[in-house]
Amino acid sequence: MFAYYVQLGWRGLRQGPGLTALMVLAIAVGIGASMTTLTVMHLLSGDPLPGRSAHLFYAQVDSDPSPHRADRAPLDMLDYRSAVDLWSAHRAERQALIVNSTVKVRASDAGRSAEMAPMLSTTASFFAMFDVPFRYGGAWQTEDDTDRARVAVISSALNQRLFGGVNSVGRIVRLRDADVRIVGVLAPWRPSPLFYDVRAGRFSQGDTADFYRAPEDVYTPFETGIEINDGNFLPFTCWASQPSPGHLQSAPCVWVGLWVELANDVQVARYRQFLDDYAKQQQSLGRFVYTGTRLQTLMQWLDFNHVVPSDVRLQSWLAFAFLAVCLCNTIGLLLAKFLRRSGEFGLRRALGASRRAVFAQCLVESAAIGLLGGIGGWLLTLAGLWLIRRQPAAYADLAHLDAGMLVFTFVLALLTSLLAGLLPALRASRVAPAMQLKAL
Amino acid sequence: MLKMTHLSKSFRTEVVETYALRDFSIHVRPGEFVAVTGPSGSGKTTFLNIAGLLETSTGGTYELDGEDVSKLGDDARSRIRNGKIGFIFQAFNLIPDLNVYDNVDVPLRYRRMPGAERKKRIGEVLERVGLSARMRHYPAELSGGQQQRVAIARALAGSPKLLLADEPTGNLDSQMARAVMQLLEDIHRDGATIVMVTHDPELAARAQRNVHVIDGQVVDLGEAPTLRMNAQAMG
């Protein structure tokens with residue numbers, strides 16, 4: 001019977017082509033608008049490391065002694081000493097310290113002028129922890145972290161700009177006033193969001209687009225970066241004036257992030273205990289006033305920081321409201337379309353069609369309208385995403401429709417049309433055949 | 001075949017209850033050709049709608065082919081309509097955007113008949129009504145008489161036990177009406193049970209038996225002048 005309903009559905013579309021076109025257009029516009037914003041939402045709110053994110057944790061201790069903070073909770077970063085203490089204890093399977101700065105960079109053996117590039121100073125495990133892909137070479141060795149080795153990993157984009165994209169491993173690059181040797185070149189890599197750099201998102205009043213910027217161009221060992229680029233590290237938060245402004249190692253400031261990888265619940269429990277013990281120890285030493293600690297998984301940390309920009313959330317709600325309006329329009333148009341064919345439905349009922357059969361026929365016709373609307377919605381979504389890619393937003397280049405969202409476009413179109421078709425189909429199935437036979 | 005006993009059908013509003021049929025009894029035996037006559041508003045169409053299970057009665061009993069169908073649910077009534085009843089309407093009631101073949105196919109589709117059997121059956125009934133050459137024509141491309149023959153083919157396609165015809169020649173000129181009537185008589189001669197509602201005394205006279213309805217009641221029944229009565233009207 002389904003094949004018969006499909007056949008009738010397609011035939012039904014050709015009856016009243018103007019109404020059909022209006023319905024397809026209404027669904028296409030609604031789907032196009034909602035899928036454009038939903039795709040952006042999906043890209044911005046997805047898990048940046050599926051399968052691994054549950055084992056990655058962001059560690060915090062409350063080193064700020066200020067008594068006046070209403071929300072007594074650890075600040076979003078660590079002070080230098082706490083960060084180095086926790087990292088040096090090696091209580092996690094893998095761990096990575098991170099600090100950000102911007103550095104002047106140029107290839108020492110090339111003739112081009114210097115440029116300013118974002119730099120991440122981190123520890124060797126960073127690359128393995130976060131599945132960072134390499135095109136040439138690899139990460140530096142763990143000894144390089146403690147030896148403050150003058151080595152670096154550069155991004156694919158910087159390698160293209162400085163060396164024309166060739167294998168530059170072993171070449172020298174000048175960072176500020178220091179020469180460092182390139183040990184690795186990353187393959188193109190675009191995590192969304194730039195999760196390891198997420199901090200203080202909940203204070204940004206929804207303006208979190210910067211969390212979706214491209215990754216850094218230069219990666220150096222943690223201490224190497226601090227030596228080379230001291231005075232340029234951002235962001236930081238201080239609770240007292242700095243003895244020597246810009247030099248943060250001994251300042252009453254937080255500016256270092258610590259990520260740890262923990263394989264199972266036992267390790268997580270142990271690490272929590274370790275953090276608590278450390279905070280208490282520091283309190284007893286007089287360095288900490290408060291002993292609060294926090295250990296959140298990557299996804300918890302992203303939620304905690306409200307990473308999805310509020311304007312994207314608002315746009316999504318508006319788009320869905322628009323889809324609802326389109327849905328209501330489609331319901332009205334379907335009611336008109338089916339009402340016009342009451343005579344046919346009455347006749348079918350007289351000839352033996354059950355109410356269920358007429359209902360199914362109408363729903364299949366609605367679904368056919370939904371599929372056509374889905375094709376239109378898909379094209380409008382592609383156009384919408386093309387427009388977004390031309391906006392000056394940090395996440396603009398991410399706006400592409402993946403296979404999952406493509407399928408979802410058609411599922412949503414189908415669901416919308418079926419929902420729109422429910423009431424008209426129900427009414428069509430309940431026509432009194434005797435009353436309608438004269439209407440054919 | 002069709003037996004209605006003390007059947008009633010009323011329409012109730014807030015202030016008044018109007019009877020379309022009252023204490024209506026009729027018995028049509030297998031193989032009979034019965035004409036139901038009466039003035040406009042007498043209840044003929046209501047009778048036909050109830051007989052065709054398109055409406056329900058408000059009282060009395062209705063047996064069709066030995067089964068009490070007065071209290072059946074909608075699905076069961078649809079099944080019986082599809083399996084046992086063939087309709088022929090005054091306005092032909094063909095679906096305008098389906099061709100002749102597909103129009104005749106409609107009741108067979110709801111019977112979930114295999115495609116090959118449907119094709120064979122449609123070919124046979126269109127052959128019988130003389131329209132096998134017009135299978136791919138649309139209703140608008142046919143004359144009124146041809147459209148009514150398509151409607152008869154559609155009614156016959158499911159081999160119903162009962163044919164209900166509502167003014168089957170009402171929209172036709174006299175020549176086409178004669179041809180359609182001849183076809184109905186041929187179908188009856190082959191053993192079909194036919195109940196025909198008509199205003200036309202000439203048509204009624206060609207049935208085996210006439211049932212006259214006034215104000216929702218059977219008031220007169222008798223042998224049609226030209227045909228031998230072979231059944232008793234009341235059960």
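Predicted model: local features only at pLDDT ≥ 70, side-chain atom pairs only at ≥ 80, totals over all residues.
**Entry 1: chain B overall**

I started with the make-up of chain B and found seven helices and ten strands. I then checked its radius of gyration, which is 18 Å; the globule rule gives 18 Å for 235 residues, so chain B is as compact as a globular protein of that length. Along the principal axes, its C-alpha atoms fill a box of roughly 50 × 40 × 35 Å. I also looked up burial: 49% of the 235 residues of chain B count as buried. For contacts in chain B with a separation of 6 or more, I noted that 67% are between residues 24 or more positions apart.

**Entry 2: a sheet in chain B**

I followed strand 1 (residues 2–12) across to strand 2 of chain B: the two run antiparallel and are joined by eight bridges. As a landmark for anyone browsing along, B:K9 has B:L21 in strand 2 as its bridge partner.

**Entry 3: helix 5 of chain B**

At 1.5 Å a residue, its 14 residues should span 20 Å, and the end C-alpha atoms are 20 Å apart, which agrees. The helix is mostly covered, with 13 of its 14 residues buried. Just after helix 5, I came upon B:S159, which takes a positive phi of about 45 degrees.

**Entry 4: the nonpolar cores**

Which residues have the most contacts inside the largest nonpolar core? I listed A:I27, B:V36, B:V104, B:A153, B:L163, B:L164 and B:V195, in a core of 110 residues. Helix 12 (residues 355–389) of chain A gives the largest share of this core, twelve residues. Apart from this core I found another, of 87 residues, with A:V61, A:V173, A:A209 and A:F222 among them.

I went back to A:I27 to see what it touches. Leaving out residues up to four places away in sequence, its contacts include A:C326, A:I369, A:G373 and A:S417.

**Entry 5: an annotated span in chain A**

Finally, I looked up the UniProt record. An unreviewed entry there places "domain: ABC3 transporter permease C-terminal" at residues 318–431 of chain A. In the model, I find that span to be 82% helix and 0% strand, with its end C-alpha atoms 37 Å apart.

Notes: Residues numbered from 1 in each chain as written. Chains lettered and ligands numbered in written order. Helix = DSSP H or I, 4+ residues; strand = E, 2+ residues; numbered from the N terminus. Expected span 1.5 Å × (residues − 1). Buried ≥ 20, exposed ≤ 12 C-beta atoms within 10 Å, placed from the backbone. Pairing = 2+ DSSP bridges. UniProt positions renumbered as here; feature names shortened; annotations may be inferred. Rg over C-alpha atoms; globule rule 2.2 N^0.38 Å. Contact = placed C-beta atoms within 7 Å. Core = buried A, V, L, I, M, F, W, Y, C linked by C-beta atoms within 7 Å.
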